[in-house]
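Here are my notes for you to read alongside the model. Keep the viewer open and find each residue as you go.

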Amino acid sequence: MSLQFVDDSSCKSAIADLRNDSTPTDWVLLSFETPKSQKIKLVGSGSGGVAELVENLQDDMVGFALVRKIDKIDDSETVKFAFINFIGEKVGILQKGKISVTIGGVKDFLGSFQCDFLITSKNEISDEIVLNKIQDISGTGSKVLDENGAKTGASKSTVSPTNSFRKSTYGSVSSPSSSSIKLADESAIREALKEFRSDENDIDWVLFGYEGGNSNTIILLGKGNGGVDELISNLQDNLVSYGLVRIVEKIDNSDTIKFAYINWVGEDIPRMLRARLGTHTGFVNQLVAPYHVDIKCTNKSEISKEIVEETVAKASGKASMVLSDDAQSRGSGGRMTSSYSSSSASTQGSNTTGKTFAGAGSKFTTPSAVPKSSGSILDFDDEQQVRDTIKDVRSDSSDTNWCLVGYKNNTTLTVIAKGNGGTDELVGHLNPTIVAYGLVREVERFDLSDTIKFAFIDFVGEDINRMFRAKLGTHSGTVKQLFHPYHVDLHVSTPSELSSEIVTKTITQNSGTSSRVKA
């Protein structure tokens, strides 16, 4: 479905202004003309960053925003953009149903961006949150703290000298009040963090805890050069500890330093104490920031050198997303793995007749009728077939590189098709009368390295009625868990919105291997 605008020229002008280095504009906000309209209007734009943008968000509106930030490392500055989809808490179910068929077109209209956010409350977004996510995804920004605990190099993201308007900053940890959490020996703690982050010594882990085990005073428990294993040896079941460990990630012939934050809550910690110490999370996170990944664990079986390295690799996009046979149905402590909701297989429901496709030696039936709206619990026509089909796409030993799952009836998922012809072949099975979820396997080539990436496709045909379209939101969590993990997701409503070129472009934009600035 093509976008309709109240005034497309004003929207285009605002976007062009945002992407122009010579203007101070750093945010643009679009929304629906009215709750019942599908026309897009310009709500506003400005130069006050996310803080100013948030002032224009209302609880009864759907907002599509693009924010501009400057990511600085050493003496180099890179323009980055973040897409924010705001769905107010008072937005009606029918208006929510329109989002899935509109958001794909809105994203294309706004253009390339580094990261995206889906929020329902104003307090879920800020300049600091946006900048942190941009730097986490891109891997830029200094990870070294000065003696005051502030980041050097990338602690302040500023614009080039030709534009003095744009500036985004976030500072160091402020000192807590005497009545709240505090540092026992702040200079020693800051010095330990400085040593840990410095390339000039061999300290590769540091661990903090509480004075007396349950006070509000944080102390330095230890530091060393024995890596993850040595840090683990200092964890105790009756203590809460906060650790940082330094990992060297090798990509091709380059070594990259990555930091992992370990949040340890021993199994013997009483519930009341666990709850009280949980209120310290914000302060502790600021104290140990920045870091690339965080791992929460309560048992030593949930943390190891392998787990930390795997988590870092997956966060940076270096690790393969191909799952082993047993990983399809179970998690692994601290690691990003495939996880599915527990839904029993079901073959009950109305009988449908449809077109049969041949896919990699097996035949699948696509539903011929639009599913009706009733209920929100998802079942499977053949659960094992659905899971095996997704696993086939992820397998290095199979040439299958896409699959498509749709509805047999209002709440029952079935396999539509699979094949080895990529996104363009998948598109041939889409039509306006169906809702379908797809997984596509792509090979991203960067310099001389090939990396496997997966794209999740959420297709809602234009002929799907509004009531069922609204109900699809209740299926979203289960469906995403079924196809998890993937690198990017695309929401489309017509076959013309999807192609191999579009998927490849989305993947490269997300991984940072393509340019972010429009000519």
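1. A quick term to begin: a residue is buried at under 20% relative accessible area, exposed at over 50%, and partly exposed in between (1.4 Å probe, protein chains only). By that rule C297 is buried, with a relative accessible area of 3%. C115 is buried too, at 2%.

2. Before going on, know what you're looking at: this is a predicted model, where local features need pLDDT of at least 70 and side-chain atom pairs count only at pLDDT 80 or more, while totals for chains, interfaces and linings use all residues. Residues are numbered from 1 along each chain as its sequence is written, and side-chain values use heavy atoms, with hydrogens and water left out.

3. Now the rings. The structure holds 11 aromatic pairs (Phe, Tyr or Trp rings, using the six-membered ring of Trp, with centres within 6.5 Å; planes under 30 degrees apart are stacked, over 60 edge-to-face, the rest tilted). One of them is Y437 with F456, a stacked pair at 6.3 Å centre to centre with 10° between the planes. Y437 sits in strand 20 (residues 435-446) and F456 in strand 21 (residues 449-460), so this pair ties together parts 19 residues apart in sequence. (Strands are DSSP runs of E, at least two residues; helices are runs of H or I, at least four; both are numbered from the N terminus.)

4. Y486 is in the loop between helix 13 (476-483) and strand 22 (488-492), 30 residues from F456. Zoom out and you'll find one aromatic cluster formed by Y407, Y437, F456, F468, F483 and Y486.

5. Look for charges over rings as well (NZ of Lys or CZ of Arg within 6 Å of the ring centre and within 35 degrees of the ring normal). R197 lies over the face of F259, 4.9 Å from the ring centre. R394 does likewise with F454, at 4.8 Å.

6. Last stop, T281. This residue is found in helix 8 (residues 281-288) and is partly exposed, at 37% relative accessible area. T281 and N263 are 18 residues apart in sequence and 9.5 Å apart in space, C-alpha to C-alpha.
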